[in-house]
Amino acid sequence: MKSSLSDTIWLSEKRKNLLLLLVEGPRNIDQIKASLNVTSKAMMPQIKILKEQDMIIQNENDEYELSDVGRIIVKNMSPLLKTLEVIEENREYWATRDLTAIPEPLAYRLGELGQCMLIEPDLNHMFDLPVEFTENLTRSKDVKMFASYFHPLYPELFSEIIEKGIKFELILTDSVLERMKNDCLEQLRSLASSKNTELHICDDSIKLTTISVTERFTYICLFNKDGRYDHTKLMSFDDSARIWGDELFSYYQKQSRQLKDI
């Protein structure tokens, strides 16, 4: 009796890895051995099972490739595996976050964040911006940023972005706008009048702490489930993360209003 397709995929790392490898195209046994670091003796029984389940076929060049059914199955299992990898890599972070700031369609695509760097607070530099963030931000050509809290180094950072002629789209909450009006009015006016900058304002009900997206990276910080900001951020340089982050920024930009002058 054949095993279920679910058991065929999930009960063997070798079978799962082979299916994911064949998404890239046909492979002969030597290429499979090299890519998966396995022996023929270990792999051939797994290949036999996948052929019996009609998930892979052997073509006329003696290469193995996904069948039509196999291609459909693997295309649907890939997002789940990517999501599991993202959450597993920083499980405690995701388990303690308030995820309501991420709209449902994007939450289901969390795997697109790819390999994330967890940036945790350093007690000796608690009020500094992470160097990984600032160095990459100021080297970028196109910056999109949302901020729901005022950081004392933001005015200086915003001024540097303007001076470098970087295309800058910035969303601030009403309370951050008021804080900047009181503490750094001239920098705020420079932002509003900069030809390379679009300044947008939204209300304070949004539960996202911050997100920055450039052509280089995506940087995100979420409140924890108690509604507190604990200075812990995630940063990803994957292309898929940039696309994901861009969509999240656009989601909040649509809920904001453009501010052209102060």
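A salt bridge is a side-chain nitrogen of Lys or Arg within 4 Å of a carboxyl oxygen of Asp or Glu. The structure holds 16 salt bridges. This is a predicted model, in which local features need pLDDT of at least 70 and side-chain atom pairs count only at pLDDT 80 or more, while totals for chains, interfaces and linings use all residues. Residues are numbered from 1 along each chain as its sequence is written, and side-chain values use heavy atoms, with hydrogens and water left out.

**Figure 1. Overview of the chain.** The chain contains 12 helices and 10 strands. Helices (H or I, at least four residues) and strands (E, at least two) are DSSP runs, numbered from the N terminus. The radius of gyration, taken over C-alpha atoms, is 24 Å, whereas a compact globule of 262 residues would have a value near 18 Å. The globule rule is 2.2 Å times the number of residues to the power 0.38. Along the principal axes, the C-alpha atoms fill a box of roughly 75 × 40 × 35 Å. Of the 262 residues, 45% are buried; here buried means under 20% relative accessible area, exposed means over 50%, and partly exposed lies in between (1.4 Å probe, protein chains only). Contact means heavy atoms within 4.5 Å. Among contacts between residues at least 6 apart in sequence, 72% join residues at least 24 apart.

Figure 2. K33 forms a salt bridge with D30, and the closest N and O atoms are 3.8 Å apart. Both residues belong to helix 3 (residues 29–36), where they are three residues apart, about one turn of the helix. K33 counts as partly exposed, at 27% relative accessibility. D30 is exposed, with a relative accessible area of 52%.

**Figure 3. The salt-bridge network of R109, E112 and E247.** Salt bridges link R109, E112 and E247 in a network. Between R109 and E247, the closest N and O atoms are 2.9 Å apart. This pair links distant parts of the chain, 138 residues apart: R109 is in the loop between helix 7 (104–107) and strand 3 (116–119), and E247 is in helix 12 (residues 239–253). R109 is partly exposed, with a relative accessible area of 26%, and E247 is partly exposed, with 32%.

**Figure 4. Helix 12.** This helix has 15 residues and reaches 21 Å from its first C-alpha to its last. That span is close to the expected 21 Å, which is 1.5 Å times one less than the number of residues. Which residues of helix 12 are buried? They are A241, W244, G245, L248, F249, Y252 and Q253.

Figure 5. Eight strands form an open sheet in the order 3-9-8-7-4-5-6-10, with mixed pairing. The edge strands are strand 3 and strand 10, each of which pairs on one side only. Two strands pair if DSSP finds at least two bridges between them. Strands of a sheet pair through backbone hydrogen bonds, either parallel or antiparallel. From one strand to the next, the twist averages 15°. Strand 5 (residues 167–173) and strand 6 (residues 197–202) run parallel and are joined by six bridges. L172 stands opposite I201 in strand 6.

Figure 6. Helix 10 lies across strand 4 (142–147), strand 5, strand 6 and strand 10, and runs at about 105° to strand 5. Axes are lines fitted to C-alpha atoms, for helices over the stretch in contact, and angles run from 0 to 180 degrees between N-to-C directions. The side chains of D174 and R257 meet in a salt bridge (2.7 Å, N to O). The pair links distant parts of the chain, with D174 in helix 10 (residues 174–183) and R257 in strand 10 (residues 257–259), 83 residues apart. D174 counts as partly exposed at 24% relative accessibility, and R257 is partly exposed at 45%.

Figure 7. I49 is found in helix 4 (residues 40–52) and counts as partly exposed, at 29% relative accessibility. Not counting residues up to four places away in sequence, I49 touches T8 and R15. The C-alpha atoms of I49 and I9 are separated by 10 Å, although these residues are 40 residues apart along the chain. N90 lies in the loop between helix 5 (68–89) and helix 6 (91–95). Is N90 buried or exposed? N90 is buried, with a relative accessible area of 10%. Not counting residues up to four places away in sequence, N90 touches C116, L118 and L234.
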